[in-house]
Amino acid sequence: MWSLSSITDIVQTWLGSTFNPTIALLLQFVMAGLLVITLFAVLGLVLVFMERKVSAYMQVRIGPNRVGPRGYLQTAADTLKLLMKEGLVPAGADKFLFNLAPYVVMISAMLLMAPIAFAKDFQMWDLNIGVLYVSSVSSIAVIGILMAGWSSNNKYSLLGAMRSGAQIVSYELSAGLSIISIVILVGSLKISDIIASQQDGWWIFKGHIPAIIAFVIFLIAVTAETNRAPFDLAEAESELTAGFHTEYSGMRFALFFLAEYANIFIVCAIGATLFLGGWMPFHIGNLQAFNHIMDYIPSSIWFFGKTFFLIFVIMWFRWTFPRLRIDQLLNLEWKYLLPISMFNVLLVTIMAIMKWHF
Amino acid sequence: MGAASMIVLIISAIVFAAGGIITSKILVMGIKNPVKSQPYECGVETIGNTWVQFNVGYYLFALIFLIFDVEIVFLYPWAVVVKSIGWTALLEIMIFLFILFLGFLYAHKKGALKWV
């Protein structure tokens, strides 16, 4: 069947037959890099447009509808505008760190693309510690955010960065514990093993109530980790103007913005992989006929469908809950989510040992 | 693609970010003005130094986070093998988690988790 993996195979064999091995390998790397850059740019455009449209419809208005057909080119026009803006550096800022911060954030977001399985057999690097890689690399972004806030020579930025750091490191714990509960059920950290284990049903259905608790905690934690509302204290517009990127303008601001949206995509992709089966179609046990019908839908559509559904849920949160205060936010994590998820890990362990899951 | 993909991704991130910033530098015709480079504080001139002392709470939370993060790092290898080892592994991790939880309760009792 026509799929992403067959396209890469065709390209690979063509490269191998036309060029000598070294050049073929180099060309492959260049193509992969260009592909990821394109994916990033497209993700940025699509997600910003989606955010604006979803917000608009939830507030019973139309949203951007002037630039291009039905407003589809709005974000492209915005990017062009940001490209034409001057990138100011505030007086007294730590220039080196100020210029470095967008790169750090960008690199951490880009590195997270490696272990994500976009479709069947379509993955850059299926390393055996895939899940651990994700949780370790995603914490590099905090350094970039603290760097940006500290170096800006602006009180809003400093406050925003401090809040953001406290928030991200706190919620990393419960996100990690809910990831671990799936690792216990699978018995492997490899992304392809995790997806393969969901052949007869997704973990959210197979894992009974503990898996659902873990999924809910994961969703709350990643919402906080990506600084989204209702946990958007780091850039609470009405208090801190824009938080850690107050002083950033022009293309550097655009990079922060893009990395933020890319991070939302990545955490949702990880959530979809762990709990909703990644590219695995919706299967019910051994119902062969039903499973075969589901297999006709390409795996990439399954993956992007699940991921964008989770992104939609996170956008939905923004218009449902009011913003928390910092003490409420830390209370929620340390007094509720962390003990619950620790207890949940033990429940999942008992379930895995007794083989109560399907 | 293996481990080389990390290098490819780092390079493409740098190319992407640098490409954007350099392109905008070429396109922009900036007019120099000392007011432009002042820190933004909603129109009011900033008073005093920016790098001031901040709430000690952030530091306490970071310390407690460190303990629990190390705990989670220990949990990862345990989670991979717990299914094959069985009840012994569960008992051992319960002792481990119990000791940590006592520390957590102590921090809670001391008021380290309270935002002041």
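So, H15(A) and H3(B) are roughly antiparallel to each other, because angles over 145 degrees count that way. H15(A) is helix 326–354 of chain A, and H3(B) covers residues 87–109 of chain B. Helices here are DSSP runs of H or I, at least four residues, numbered from the N terminus. The two pack at an angle of about 170°, with their axes 10 Å apart. The axes are lines fitted to C-alpha atoms over the stretch in contact, and angles run from 0 to 180 degrees between N-to-C directions.

Before I go on, this is a predicted model, where local features need pLDDT of at least 70, side-chain atom pairs count only at pLDDT 80 or more, and totals for chains, interfaces and linings use all residues. Residues are numbered from 1 along each chain as its sequence is written, with chains lettered from A and ligands numbered from 1 in the order in which they are written.

Okay, which residues of H15(A) and H3(B) meet? From H15(A) we have Met342(A), Leu346(A), Thr349(A), Ile350(A) and Ile353(A), and they meet Trp87(B), Leu90(B), Met94(B) and Leu97(B) in H3(B). That contact has eight nonpolar residues, one polar and no charged ones. Nonpolar here means Ala, Val, Leu, Ile, Met, Phe, Trp, Tyr, Cys and Pro, charged means Asp, Glu, Lys and Arg, and the others, Gly among them, are polar.

Now zoom out to the two chains. In total, 63 residues of chain A are in contact with 50 residues of chain B, where contact means C-beta atoms, placed from the backbone, within 7 Å. On the chain A side, the elements giving two or more residues include H2, H4 and H12, along with H7 and H15. The largest share comes from H7(A), with 13 residues. By class, that side has 43 nonpolar, 12 polar and eight charged residues.

H7(A) also packs with H15(A), at an angle of about 10° and with axes 9 Å apart. These two are therefore roughly parallel, the word for angles under 35 degrees. Their contact has 17 nonpolar, eight polar and two charged residues.

What about the core? The largest nonpolar core has 129 residues, and those with the most contacts inside it are Met106(A), Met110(A), Ile182(A) and Val183(A). A core is a set of buried Ala, Val, Leu, Ile, Met, Phe, Trp, Tyr and Cys residues joined through C-beta atoms within 7 Å. H7(A) shows up again, giving the most to this core with 19 residues. As for Met106(A), leaving out residues up to four places away in sequence, it touches Leu255(A) and Ala259(A) in chain A, plus Ala13(B), Phe16(B) and Ala17(B) in chain B.

On to domains, with bounds from an automatic or database assignment. Chain A is divided into domain 1 (1–84) and domain 2 (86–354), with C-alpha centres 20 Å apart. Across that boundary, 18 residues of domain 1 are in contact with 24 of domain 2. H2(A) gives the most to the domain 1 side, with 11 residues. In chain B, the centres of domain 1 and domain 2 are separated by 38 Å.

Val60(A) has phi near 55°, and Asn227(A) has phi near 60°. Are they buried or exposed? Val60(A) is exposed, with 6 other C-beta atoms within 10 Å, while Asn227(A) is buried, with 24. The cut-offs are 20 or more for buried, 12 or fewer for exposed, and partly exposed in between.

Methods
Two residues are in contact if their C-beta atoms, placed from the backbone, lie within 7 Å. Angles under 35 degrees count as roughly parallel, over 145 as roughly antiparallel, 65 to 115 as roughly perpendicular and the rest as oblique.
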